[in-house]
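This briefing goes through one protein model by topic. Keep the sequence and the 3D view open while reading.

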Amino acid sequence: MAMAARRTDGMSKALPVLALSGRTWAAGLVVATVLTTALTIWLSLRLYDQRETEQRRQDLLAAARQSALNFTSLDYRHYGRDSANVLEGATGDFKKQFAAQTEELTKLVAENRSMSEGQILEAGIVRSDERSARVLVVADSKVTNTATPKGEARTYRLQLDLVYQDGRWLTSDVEFVG
């Protein structure tokens with residue numbers, strides 16, 4: 001029994017040390033859990049922002065490519081449809097100017113029996129934010145008309161300004177550059 005008493009005395013002295021280290025251990029686990037949770041939330045938010053930015057970038061490039069393709073593709077046999085495609089992706093002054101010239105362009109394209117088949121080679125964003133952007137587009141086109149019935153290859157370098165309206169990117173200005 002004397003041995004049992006000694007063990008009890010030795011254990012009773014060790015219990016506060018074990019209890020203290022157990023509390024420290026528990027507090028450390030709580031801190032580690034909180035830090036891990038905070039880090040996970042922060043990383044998730046960053047990943048979400050990156051995906052959102054990449055999706056906006058892809059949507060912007062797709063809109064610019066389509067706008068440039070519409071602008072460089074026409075066929076005198078259905079120019080009404082072709083010009084409507086340009087206007088569908090346009091806004092602001094560009095839309096007003098193009099719409100104002102559509103009647104005259106329709107006559108000119110029909111008289112010359114003009115056809116142009118555009119192909120987008122490259123597109124790159126110069127600048128962008130959540131509401132506006134500038135994109136440079138390089139397009140090739142084979143143009144045929146009464147003056148060049150066998151066709152002529154043309155390369156266009158276009159600068160498109162786009163704005164985000166009603167959930168989509170619309171072209172607000174087009175300039176031929178360099």
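Which residues does Val-137 touch, not counting residues up to four places away in sequence? Val-137 touches Ala-64, Ala-68, Ile-120, Glu-122, Ala-123, Tyr-156, Arg-157, Leu-158 and Leu-160. The model is a predicted one.

**Overall make-up**

- The protein has three helices and five strands.
- Read from the N terminus, its elements follow the order α-β-α-α-β-β-β-β.
- The protein has 178 residues, and 25% of them count as buried.
- Of the contacts between residues at least 6 apart in sequence, 53% join residues at least 24 apart.
- The accessible surface of the protein is about 12,400 Å², and carbon and sulfur atoms account for 57% of that area.

**The sheet**

- The five strands form an open sheet in the order β1-β2-β3-β4-β5, and the pairing is antiparallel.
- Its edge strands are β1 (74-75) and β5 (168-176), each of which pairs on one side only.
- In general, the strands of a sheet pair through backbone hydrogen bonds, and the pairing may be parallel or antiparallel.
- Strand β2 (residues 115-128) and strand β3 (residues 132-144) run antiparallel and are joined by 12 bridges.
- Met-115 stands opposite Thr-144, which is in β3.

- In soluble globular proteins, nonpolar side chains tend to be buried together.

- Gln-159 is located in strand β4.
- Is Gln-159 buried or exposed? Gln-159 has a relative accessible area of 14%, so it counts as buried, the cut-off for this being under 20%.
- Leaving aside neighbours within four places in sequence, Gln-159 is in contact with Arg-134, Val-135, Leu-136, Asp-173, Val-174, Glu-175 and Val-177.

**A nonpolar patch on the surface**

- Leu-39, Trp-42 and Leu-43 make up a nonpolar patch on the surface, and together they have about 320 Å² of accessible area.
- Trp-42 belongs to helix α1 (residues 2-72).
- Trp-42 counts as partly exposed because its relative accessible area is 47%, which falls between the limits of 20% and 50%.

**Two loop residues with positive phi**

- Arg-113 is in the loop between α3 and β2.
- Phi of Arg-113 is near 50 degrees, which is a positive value in a residue other than glycine.
- The relative accessibility of Arg-113 is 47%, so Arg-113 is partly exposed.
- Asp-166 lies in the loop between β4 and β5.
- Phi of Asp-166 is likewise positive, near 50 degrees, and this residue too is other than glycine.
- Asp-166 counts as exposed because its relative accessible area is 80%, and the cut-off for exposed is over 50%.

Methods
Residues numbered from 1 in each chain as written. Predicted model: local features only at pLDDT ≥ 70, side-chain atom pairs only at ≥ 80, totals over all residues. Heavy atoms only, no water. Helix = DSSP H or I, 4+ residues; strand = E, 2+ residues; numbered from the N terminus. Buried < 20%, exposed > 50% of the residue type's maximum accessible area, 1.4 Å probe, protein only. Contact = heavy atoms within 4.5 Å. Areas by Shrake-Rupley, 256 points an atom, 1.4 Å probe, with all protein chains shown as cover. Patch = residues over 30% accessible without salt bridge, like charges linked within 9 Å, V, L, I, M, F, W, Y side chains within 5 Å. Salt bridge = Lys/Arg side-chain N within 4 Å of Asp/Glu carboxyl O. Pairing = 2+ DSSP bridges.
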